[in-house]
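I am opening my notebook on this structure. My plan is to look things up piece by piece and write down what I find.

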Amino acid sequence: MSTSLPVELDDVQGLVRFGYKHHSEATFLLLRVRDRGAARRWLAAAPVSSAETVEPPPATVLQIALSSEGLRALGVAEAIVESFAADFVTGMSNDANRARRLGDVGANDPGGWQWGSADRLPHVLVLLYALPGRLADFQSSIEGQCEGGFEVLARLATADLDGIEPFGFMDGISQPLLDWQRQRPARDGERSDYSNLSCLGEYLLGYPNEYGGYTDRPLLDPGLAGARLPRAEDAPGRSDLGRNGSYLVMRQLRQDVHGFWQFIDGQAGGDAAERERIASAMVGRRRDGVPVVGPANETIEGGGVPGDLNAFTYRFDRDGLRCPRGAHVRRSNPRNADLPPGAPGIVSWVKRTLGLDADALAHDLVASTRFHRLLRRGREYGPAVPQSRALGDSPGSGDQGLHFICLGANIARQFEFVQNAWAMGVHFDGLRNESDPLMGARRADADGTPNDGFSMPRADGADERTAGLPQFVTVVGGAYFFLPGIRALRFLATAP
Ligand code: HEM
């Protein structure tokens, strides 16, 4: 059975619409082209799952994304490769400025990555998802099919930790709500309230985005594509190679679970309640997912559904007394609208727009989150480390972390902005000398000033400030990919 929405769901890869939560087993294969002809033949017919709803759900799901090196290795014309977004074409690891902006310096330097830099650049990312017990056979069948065309650069295994990421916090709670029905007006001007509903064009190329425009993407001469690609909605004279595709950012983030809990325990003087308080403040949610800013009905106008872990904003916590401004979830999504909150009416609008009050000025530092949302699709890897073990003396020998994956129509405006300006930004929202407490790279300023603090404001005095945060998360791999629409995938695999 398939649904009918005003989007060609049968052409969109399923990962854009589904997190495949029930497909709790997954492996990500990083491939390099060995034989161009064989590689193209496999990509031209590979059984990729679409975003259509299928009942019962398929036991296995295959998704395919390509890097810019992969497009070249497949023999796609240089003019077509160059018509993709510049960040994708250059790649995550090939530019020292980008590496600096993303915090990929020091221990995160691409030179030390397991994959994703120098001669270990993946060409094709194959994502395999399966219902419990079904992955092993599926993976060996797909690897068998790929053998002629590709060599395997890496097999990234994942772990099903029941929705809990390795530090021990519930993850995958907050996601943007995609406007699949295309009901959100393309141009609805400034938004004065935070909303989770997000234009399709923020995640899928070929549809209007939050600016009311179409994100740049490869538009081809119809003579080249024939009837194999649809015409662009905004340029009917061109064939839209981007339509129904998305950029996919992948980062392998190793988590030092032992180091994380040891540091926090030291700060807490061994006190269990204090330990949870500090850790929750750093994340912005308790380990069970409850936002530290407070229950929904206190923090969002009009209240929220009790128990809804995502119905909150920081509007009534401007100074971060309940949720520190530097907490991971607050940095990653400050939940602000374009206009500072205020009374309706033209006088208030003018004051807010011109920043004539303190609220407006403070708000402006983190305004307009709707242009910087990420659709997260990551999976954990490595064995779970119970908190009791992380608090013990031995760091253990396991390697665990997050295969971070996010989708977006614009890598620079979405992933890179959030990573650089918000997570790594040492002056984010008026803070000083601190970066994201979970994943900050802790790089000192040029004059040696350390950026390893974390402030928890107090109502009755100076901030409670923790200094000397070690680096808890290390980047050990990463790359930018294009997750094409299924027609576009076939076109790329067969284009002359
Ligand atoms: C190992 C590294 C990371 C860990 C342990 C981690 C952990 C978490 C946790 C526990 C949450 C709360 C659950 C939720 O709201 O869904 C969360 C939310 C989030 N994280 Fe991360 N994360 C990591 C890396 C990243 C990276 C690299 C980015 C993007 C650059 C990112 C962006 C986000 C976003 C956008 C949210 C949702 C915030 C919201 O909408 O309120 N995270 N993360």
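**Entry 1: helix α8 and its end**

I began just after α8, where G269 takes a positive phi of about 60°. Before going on, I noted that this is a predicted model, where local features need pLDDT of at least 70, side-chain atom pairs count only at pLDDT 80 or more, and totals for chains, interfaces and linings use all residues. Residues are numbered from 1 along each chain as its sequence is written, and side-chain values use heavy atoms, with hydrogens and water left out.

I also wrote down how elements are named: helices (H or I, at least four residues) and strands (E, at least two) are DSSP runs, numbered from the N terminus. Then I returned to α8, which spans residues 257–267. How many of its eleven residues are buried? I found eight. Buried means under 20% relative accessible area, exposed means over 50%, and partly exposed is in between (1.4 Å probe, protein chains only). The buried ones are V257, H258, G259, F260, W261, F263, I264 and D265. Their cover includes β9 (246–255), α9 (272–283), α14 (387–390) and β14 (461–466).

**Entry 2: helix α16 and the cores**

Next I looked up α16, residues 486–494. Its buried residues are I486, A488, L489, F491, L492 and A493. Contact here means heavy atoms within 4.5 Å.

Then I turned to the nonpolar cores. A core is a set of buried Ala, Val, Leu, Ile, Met, Phe, Trp, Tyr and Cys residues joined through side-chain atoms within 4.5 Å. The largest one has 90 residues, and W42, L62 and I64 touch the most other members. Its largest share, six residues, comes from α16. Another core lies apart from it, with 33 residues, among them V61, Y129, L200 and L483. I also listed partners of L62, leaving out residues up to four places away in sequence. They include W42, V48, L128, F138 and I142.

**Entry 3: the iron atom**

Which residue is the only protein donor of the iron atom of the ligand? I found H328, through NE2, at 2.1 Å. Donors are N, O and S atoms within 2.8 Å of the metal (3.2 Å for Na, K and Ca); water is not among the atoms, so sites may look incomplete. H328 lies in helix α11, residues 328–332.

**Entry 4: salt bridges**

I counted 27 salt bridges. Each is a side-chain nitrogen of Lys or Arg within 4 Å of a carboxyl oxygen of Asp or Glu.

I looked at E416 and R101 first. Their closest N and O atoms are 4.0 Å apart. E416 is in α15 (412–423) and R101 is in α5 (96–102), so the pair ties together parts that are 315 residues apart in sequence. E416 is buried at 7% relative accessibility, while R101 is partly exposed at 30%.

E210 and R370 form another bridge, at 2.9 Å from N to O. E210 sits in the loop between β6 (197–198) and β7, and R370 in the loop between α13 (358–364) and β10 (375–376), so this bridge ties together parts that are 160 residues apart in sequence. E210 is buried, at 4%. R370 is buried too, at 9%.

I also found a network of salt bridges linking E8, D11, R182, E233, R243 and R487.

P56 lies in the loop between α1 and β2.

N244 has phi near 70°. N244 lies in the loop between β8 and β9 and is buried, at 1% relative accessibility. R442 has a positive phi of about 60°. R442 is in the loop between α15 and β13 (454–458) and is buried, at 13%.
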